[in-house]
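Hi,

Here is the structure I promised to pass on.

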Amino acid sequence: QVQLVESGGGLVQTGGSLRLSCVASGRNFETATMGWFRQAPGKERTFVAAIRWSAGNIYYADYADFVKGRFAISKDSAKNTVYLQMNSLKPEDTAVYYCAAGRPGKRSTVTSTYETWGQGTQVTVSS
């Protein structure tokens, strides 16, 4: 059984930065698709970023348009941890951020790809 634990959320002013962490336990972290989603109250859960493995031990990063140039996803395989570095934060980024894990080879931008979800961490950006 895979378990994901997010941390790093908090309160920050517009233009500030936060780094979210997601620690994964269990097998197949190296080849799993790891994604970040966010959900504001009364809104649907929305794709933010993902990192995925492909043949040849190559990794690809995917980003939602609204975070390109501001957010960066990365992973440390030795620590079984995926990160989301968030810069130039805006009030519109306020949401609960969730880490998710799924099997490789499927679309990274949809929630149905993912089988395991973390508990979420709150990010609040004030103006």
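The charged end of Arg45 sits over the ring of Trp117, 4.9 Å from its centre. For a charge to sit over a ring here, NZ of Lys or CZ of Arg has to be within 6 Å of the ring centre and within 35 degrees of the ring normal.

Before I go on, the ground rules. This is a predicted model, so keep in mind that local features need pLDDT of at least 70 and side-chain atom pairs count only at pLDDT 80 or more, while totals for chains, interfaces and linings use all residues. Residues are numbered from 1 along each chain as its sequence is written, and side-chain values use heavy atoms, with hydrogens and water left out.

Back to the rings. Rings of Phe, Tyr and Trp (its six-membered ring) pair if their centres lie within 6.5 Å; planes under 30 degrees apart are stacked, over 60 edge-to-face, and the rest tilted. By this rule the count comes to 4 aromatic pairs. One of them is Phe37 with Phe47, edge-to-face at 5.6 Å centre to centre and 75 degrees between the planes. This pair links distant parts of the chain, with Phe37 in strand S4 and Phe47 in strand S5, 10 residues apart. (Strands are DSSP runs of E, at least two residues, and helices are runs of H or I, at least four, numbered from the N terminus.) Both Phe37 and Phe47 are buried, where buried means under 20% relative accessible area, exposed over 50% and partly exposed in between, with a 1.4 Å probe and protein chains only.

Tyr114 and Trp117 also form an edge-to-face pair, 5.9 Å centre to centre with 65 degrees between the planes. Tyr114 counts as buried because its relative accessibility is 6%, whereas Trp117, at 27%, counts as partly exposed. Ring pairs link Phe37, Phe47, Tyr114 and Trp117 into a cluster.

Ser108 is worth a click as well: you will find Ser108 in the loop between S9 and strand S10 (114-117). Its relative accessibility is 5%, so Ser108 counts as buried. Leaving out residues up to four places away in sequence, Ser108 touches Thr33, Phe37, Phe47, Ala50, Arg52, Asp62 and Tyr114; contact means heavy atoms within 4.5 Å.

Now the core. The largest nonpolar core has 32 residues, and Met34, Trp36, Leu84, Met86 and Tyr97 have the most contacts inside it. By nonpolar core I mean a set of buried Ala, Val, Leu, Ile, Met, Phe, Trp, Tyr and Cys residues joined through side-chain atoms within 4.5 Å. Among the partners of Met86, again skipping residues up to four places away in sequence, are Leu18, Leu20, Phe71, Tyr97 and Val123.

Last, the strands, which pair if DSSP finds at least two bridges between them. An open sheet of 4 strands runs in the order S1-S3-S8-S7, with antiparallel pairing. Its edge strands are strand S1 (3-7) and S7, each pairing on one side only. S7 and S8 share 6 bridges, and Asp76 has Thr81 in S8 as its bridge partner. Elsewhere, 6 bridges join S5 to strand S6 (residues 58-63), which run antiparallel. Ala49 stands opposite Tyr63 in S6. The hairpin of S5 and S6 has 3 residues between the strands, and Gly56 there takes a positive phi near 90 degrees.

Cheers
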